[in-house]
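Here is a short briefing to read with the sequence and the 3D view open side by side. Take a moment to look the model over, and then we can walk through its charged pairs and overall build.

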Amino acid sequence: MSQYYPIDGTSSLIYPDISAQNLQPMKPLKLGVMASGNGSNFEVVAQAIQAGKLNAQIQVLIYNNPSAKAAERAKNHGLEAVLLNHRDYKKRENLDRAIVKTFRQYDVDLVIMAGWMRIVTQELIDAFPDRIINIHPSLLPSFKGVRAVEQALEAGVKITGCTVHLLRLEMDSGPILIQAAVPVLPDDTAETLHARIQIQEHRILPLAIASLAAR
Ligand code: GRF
């Protein structure tokens, strides 16, 4: 009889094991976070900081959808949240310039794209060279772009996962910092699989931030 391990998806292969490194930088990193929706990844970063597990501070959250739950989460933590609604900008570059201006105002030195559902331009990338990270719900370079979880299910892979990488102009490319593997179970739907992937996202995102802080 087949065994599926781990059934609950709460344990997983995470590589590299950067948790073993000294992850506390001398000076707290000043983070700027970008989120479009729920913001569970934003939440775990805020919680890791509050719990003293991550020596950083969130300077500001930028969100682009007025109804993003991420904004509510920021307010609950007493953190600044700035709405930059993409509908107010004719060109992507203009939105990105506004993002850069806001991050500069808040003295941000590392940008976290935590569920930012917009394509970004070179304007943003050039403003923070190798200081922007993105989290994606697949083992890149497989299943780039939107519907990554659905793509994995459609492809019939037995293992998928999540990736934190440095941002480059080409979508979901860029040097990989850390990945976690997650099994695809026989009865998985996009929702159940995404939920298990998110458990691992919430582990690897704070680790990736800490590893960059130590650089
Ligand atoms: C995550 O699955 C992330 O990988 C993708 O968007 C989702 C954001 O989730 N880029 P949340 O808003 O942090 O809950």
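A residue counts as buried under 20% relative accessible area, as exposed over 50%, and as partly exposed in between (1.4 Å probe, protein chains only). This is a predicted model, in which local features need pLDDT of at least 70 and side-chain atom pairs count only at pLDDT 80 or more, while totals for chains, interfaces and linings use all residues. Residues are numbered from 1 along each chain as its sequence is written, and side-chain values use heavy atoms, with hydrogens and water left out.

**Overall build**

- The protein chain has six helices and eight strands; helices (H or I, at least four residues) and strands (E, at least two) are DSSP runs, numbered from the N terminus.
- Followed along the sequence, the pattern of the protein chain reads β-β-α-β-α-β-α-β-α-β-α-β-β-α.
- Among contacts (heavy atoms within 4.5 Å) with a separation of 6 or more, 67% are between residues 24 or more positions apart.

**Surface and interior**

- The protein chain has 215 residues, and 51% of them count as buried.

**Salt bridges**

- Searching the whole structure turns up seven salt bridges, each being a side-chain nitrogen of Lys or Arg within 4 Å of a carboxyl oxygen of Asp or Glu.
- One of them joins the side chains of Arg97 and Glu123, at 3.2 Å from N to O. Arg97 sits in helix H3 (residues 92–105) and Glu123 in helix H4 (residues 122–127), so this pair ties together parts that are 26 residues apart in sequence.
- Arg97 is partly exposed because its relative accessibility is 43%, and Glu123 is also partly exposed, at 32%.
- Another pairs Glu170 with Lys144, whose closest N and O atoms are 3.5 Å apart. Glu170 is in the loop between strand S7 (159–166) and strand S8 (176–183), and Lys144 is in the loop between strand S6 (132–136) and helix H5 (148–155), so the pair links distant parts of the chain, 26 residues apart.
- Glu170 is exposed, since its relative accessible area is 53%, whereas Lys144 is partly exposed at 31%.
- Asp188 and Arg196 also meet in a salt bridge, at 2.8 Å from N to O, and both Asp188 and Arg196 are buried.
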